[in-house]
Amino acid sequence: FVVMNPPFNTARDRATPDALRRQAHVMEEGLFERWLRTAAAIARPGAGLAIIARPASLEEILAALRGRFGAARVLAVHPRPQAAAIRVLLRAKKGARGALALMPPLVLHGPDGQGFTERAEAIINGRETLFAD
């Protein structure tokens, strides 16, 4: 199983003068293509893949998966019920040919922003899984 937590930020988001921090925090052009090519090279057939990213990266991730990982399942993570997603979680399998599936979203907090939703609380405490499997 390959787990990826790539840098989320664009150069505009993190304007640090420190080169090492910039490299650790800033998304470079073509990063997902390189990371997923590497993941496909080291993973065995049927191996799983999990990525957490910003929603804006989804198009690039899906393009980089083609021909490498399939049967992708995407779960959007929303801070509150009416708010836009802040992250996407994606799972896929090396060599699988299944179609893309959009899973029910995970909403972290209620409308007031206080406390976790029942589902988020269950996931946090290990009573439920993110992808319901």
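The secondary structure of the chain comprises four helices and six strands. Helices (H or I, at least four residues) and strands (E, at least two) are DSSP runs, numbered from the N terminus. The model is predicted: local features need pLDDT of at least 70, side-chain atom pairs count only at pLDDT 80 or more, and totals for chains, interfaces and linings use all residues. Residues are numbered from 1 along each chain as its sequence is written, and side-chain values use heavy atoms, with hydrogens and water left out.

From the N terminus on, the order of elements is β-α-α-β-α-β-β-β-β-α. The chain has 133 residues, and 36% of them are buried. Here buried means under 20% relative accessible area, exposed over 50%, and partly exposed in between (1.4 Å probe, protein chains only). Contact means heavy atoms within 4.5 Å. Among contacts between residues at least 6 apart in sequence, 65% join residues at least 24 apart.

Helix H2 covers residues 31-42. Its 12 residues should span 16 Å at 1.5 Å a residue, and its end C-alpha atoms are 17 Å apart, which agrees. The expected span is 1.5 Å times one less than the number of residues. Leu 31, Phe 32, Leu 36, Ala 39 and Ala 40 are buried in H2. They cover an arc of only 150 degrees around the axis, which puts them on the same side of H2. The arc is that of the directions from the helix axis to the C-beta atoms. An α-helix has 3.6 residues a turn, so residues three or four places apart point the same way. The face of H2 turned away from the buried side carries the exposed residues Ala 41 and Ile 42. The buried residues of H2 pack against strands S1 (2-4), S2 (48-53), S3 (69-78) and S4 (87-94), and against helix H3 (58-65).

Two arginines lie in loops on either side of this account. Arg 44 sits in the loop between H2 and S2. Arg 44 counts as exposed, because its relative accessibility is 69%. The C-alpha atoms of Arg 44 and Phe 1 are separated by 8.8 Å, though the two residues are 43 residues apart along the chain. Arg 68 is in the loop between H3 and S3. With a relative accessible area of 19%, Arg 68 is buried. Neighbours within four places in sequence aside, Arg 68 is in contact with Glu 33, Leu 36, Arg 37, Ala 40, Lys 93, Lys 94 and Gly 95.

Strand S3 holds His 78. His 78 is buried, at 17% relative accessible area. The side chain of His 78 reaches the backbone nitrogen of Ala 85 at 3.3 Å. Ala 71 counts as partly exposed, at 28% relative accessibility. Phi of Ala 71 is near 55 degrees, a positive value in a residue other than glycine. Most residues other than glycine have a negative phi.

The largest pocket holds about 210 Å³ of space. Its lining has 13 residues, of which Leu 65, Arg 66, Phe 69, Gly 70 and Gly 98 lie nearest its centre. H3 and S3 are the elements that give two or more residues to this lining. S3 gives the most, with four residues.

Definitions and conventions. A polar contact is a pair of N or O atoms within 3.5 Å; within protein, one must be able to donate a hydrogen and the other to accept it, and residues adjacent in sequence count only if both atoms are side-chain atoms. On a 1 Å grid over the protein atoms alone, a cavity is a set of points where a 1.4 Å probe fits but cannot get out, and a pocket is an open set with protein on both sides within 12 Å along at least five of seven lines; lining residues have an atom within 4 Å of a point. Grid points are joined across faces, edges and corners, and a volume is the space filled by probe spheres set on the points.
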